Each structure stands twice: as structure tokens, then as C-alpha cells.
Amino acid sequence: NIVEPETPLVWGWHYDFLAQWLTMIASGEFKERYPEKLGLIINIPPRSGKSTFASVLWPVWTWLKYPARRFLFASHTGGLSESHNQKRAWLINSQFFQERFGSRFKVLAQGADLIRNDYTGQFHVTSIGSGSTGYGGLILVGDDLLDREKAYSETYKNKTNSWIDSSFSKMLDDQVRGVFVHISQRLAVDDPTGHLLGEDGSTGNAGQWIRIKIRREAEEEETYEYPLSGEKHIRPKGDILQAERCPPLVVVRLKSKSREWANQEQQEPTP
């Protein structure tokens, strides 16, 4: 009701699932369990709340427990990155938050591209192609690094993937404890996820990542094991993610555009 007051919250099992993975990253347990992994890749259909959940709410929650955590956020444009930072500020400055958690930390600096607290924690934002020298963090979040409108431009995809390799990959403050979190829908075989996994013929390596791939519609029975509780969620074949927001009429309309259905909704991009 603070960051998305016009959007009713429709809870889904995938939020619980993501919460356990992100909790592990916030606490440092992720790197203790998986020291050989670079981090997490989250591929989920559009409009399923992944950015609000993982780019806005989770970092603020992390500061309640670990206020010294330093985050760096990147998106395909500065406007999107700064919009997310604005929502973080709205949440922190809200009466709801201050009444309950105002004593946990104090904000010392607040701007479009930087929020810093009195424990040296920071939320810093950047974007593809922007000046990024000197930026860094312990947790680096890449949220929609490839612009959906430019996903079929070879030039733009190459520019994006080159920035990931030459700039974003070098911004970890701690190469041992630091973690990357990439959040997106799939857009092409050689999108950032495909590049990081090596699907585009690059030097990317799927073995370096924990990948969460959630389809809009389960094509067969799927099992998801929660990393902290050990519980399992079983999706039967044909199950629709957040069916309340994506009823049969909407699914039929989405399927009529086969390429977008395969890429963005099912996370299985076609050449």
C-alpha cells in the first residue's frame, strides 16, 4: 500500500520460494553453501511482481537485519534504476515504516541515485552505458538489464552483454562474499541470462549460477524445493502462475503471440 497502492497484492507460492533464496543472500548463507557460485538468476514472467519484491522490498528488509549491507542496482536505463530507488525511499520514509523500524538505522544521504545510512549501508544505482567507475557493493542486482523494446537488436544486445562483462562483473566489493542477483524475463537466446549461462556461445557458465526459472504455465509436473525449510511445492501440469491475475482469457491472448509466449512467459527463448 506504499510502493504499489493501486495494485492489489495477489500472493503466490513463488514469493515464498524467492524469499528463502533472498534471505540466504542477505545473511551470507548463500555463499557459505555455494562458494563456487556467482549468484542467482531469476527468470519469471512479466507483471508478476519480481522487481517490486526483489529490487525494492527485499533490500529494505535486509537493512532491518544487516544495515551495513551495500547494494548496487543496475537496469537498462537510469530512469528505471532511479524509480526503484525512489520506491525504496518512499518505504523507508513512510509513517508505517518509521513507527515500526525507525530506530534500526537512520538515512544520512538520499538522492535519485544513492541512499546511505548511518551504518555505511548504501543503495547505489547505475545503468547500461552510464559511468560506473568507483561504484561497488556486496550485493549487485541486475534488474531487466536488456530493454524489452530493443531485444531483437543485435547491436543493443551486444552492448548490454559487453557492459555486463566489462563493467558490472567488476563491481563486487568482495570477490569471496559478494553475490550477483539477476532478475528478468527471457527475451532472446542471447539476452543477459543466455549470455551468463553460455547459451549464446559466450564464455558464460551455467555451473556458476543458481537459476530459478518459473514458467507462466507448467508444461509438466514441476517440483520446487525451498532452500531453507526443505519443503517442496509441486506444480501440476497446466498450473498457471497467479491465475487470479492471469485467467484463461488472458492466457489464450498471450499464447496467440507464440514468440513472446515462449520467451517472456515460459522462459524458453526461441532463435
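In this predicted model, helix α8 touches helix α9 through Val-251, Leu-254 and Lys-255, which meet Ser-258, Trp-261 and Glu-265 on the α9 side. The axes of α8 and α9 come within 7 Å and cross at roughly 110°, and because an angle from 65 to 115 degrees counts as roughly perpendicular, these two helices are described as roughly perpendicular to each other.

**Helices α8 and α9 and the second largest pocket**

- Sorted by class, the residues of the contact of α8 with α9 divide into 3 nonpolar, 1 polar and 2 charged.
- The second largest pocket holds about 340 Å³ of space, and its lining is made up of 16 residues, of which Pro-46, Arg-216, Val-250, Leu-254 and Glu-265 lie nearest its centre.

**Helix α3 and its two partners**

- Helix α3 (residues 50-65) packs with helix α4 (residues 78-93) at an angle of about 45°, their axes being 10 Å apart, and α3 and α4 are therefore oblique to each other.
- The crossing in which α3 passes α4 is right-handed.
- On the α3 side of this contact stand Ser-51, Ser-55, Val-56, Leu-57, Pro-59, Val-60 and Trp-63, and they meet His-84, Lys-87, Arg-88, Leu-91 and Ile-92 in α4; by class, the contact has 7 nonpolar, 3 polar and 2 charged residues.
- Helix α3 also packs with α1, at an angle of about 50° and with the axes 11 Å apart, which makes α1 oblique to α3.
- The crossing of α1 past α3 is right-handed.
- Tyr-15, Leu-18, Ala-19, Leu-22, Thr-23, Ile-25 and Ala-26 in α1 meet Phe-53, Ala-54, Trp-58, Trp-61 and Thr-62 in α3, and the residues of this contact divide into 10 nonpolar, 2 polar and no charged.

**The largest pocket**

- The largest pocket has a volume of about 1,300 Å³, and of the 44 residues that line it, the closest to its centre are Gly-49, Ser-51, Thr-52, Phe-53 and Leu-57.
- Helices α1 (13-27), α3, α4 and α5 (95-101) each supply at least two residues of this lining, and the largest share, 9 residues, comes from α3.
- Several residues link this pocket to the helix contacts described above: Ser-51 and Leu-57, which are among those closest to the pocket centre, also belong to the contact of α3 with α4, whereas Phe-53, another of those closest to the centre, takes part in the contact of α1 with α3.
- Divided by class, the lining of the largest pocket has 23 nonpolar, 12 polar and 9 charged residues.

**The cavity**

- A search of the whole structure finds 1 cavity of 30 Å³ or more, and the volume of the largest cavity is about 110 Å³.
- The largest cavity is lined by 15 residues, of which Leu-145, Ile-183, Ser-184, Pro-192 and Thr-193 are the closest to its centre.
- The elements that give two or more residues to this lining are strand β1 (39-43), strand β7 (179-184) and helix α7 (192-197).
- By class, 7 nonpolar, 6 polar and 2 charged residues form the lining of the largest cavity.

Notes
Residues numbered from 1 in each chain as written. Predicted model: local features only at pLDDT ≥ 70, side-chain atom pairs only at ≥ 80, totals over all residues. Heavy atoms only, no water. 1 Å grid on protein atoms, 1.4 Å probe; cavity = no way out; pocket = protein on both sides within 12 Å on 5 of 7 lines; lining within 4 Å. Points joined across faces, edges and corners; volume = space filled by probe spheres on them. Helix = DSSP H or I, 4+ residues; strand = E, 2+ residues; numbered from the N terminus. Nonpolar A, V, L, I, M, F, W, Y, C, P; charged D, E, K, R; others polar. Axes fitted to C-alpha atoms, helices over the stretch in contact; angles between N-to-C directions. Parallel < 35°, antiparallel > 145°, perpendicular 65-115°, else oblique. Left-handed = near helix turned anticlockwise from the far one by under 90°. Contact = heavy atoms within 4.5 Å.
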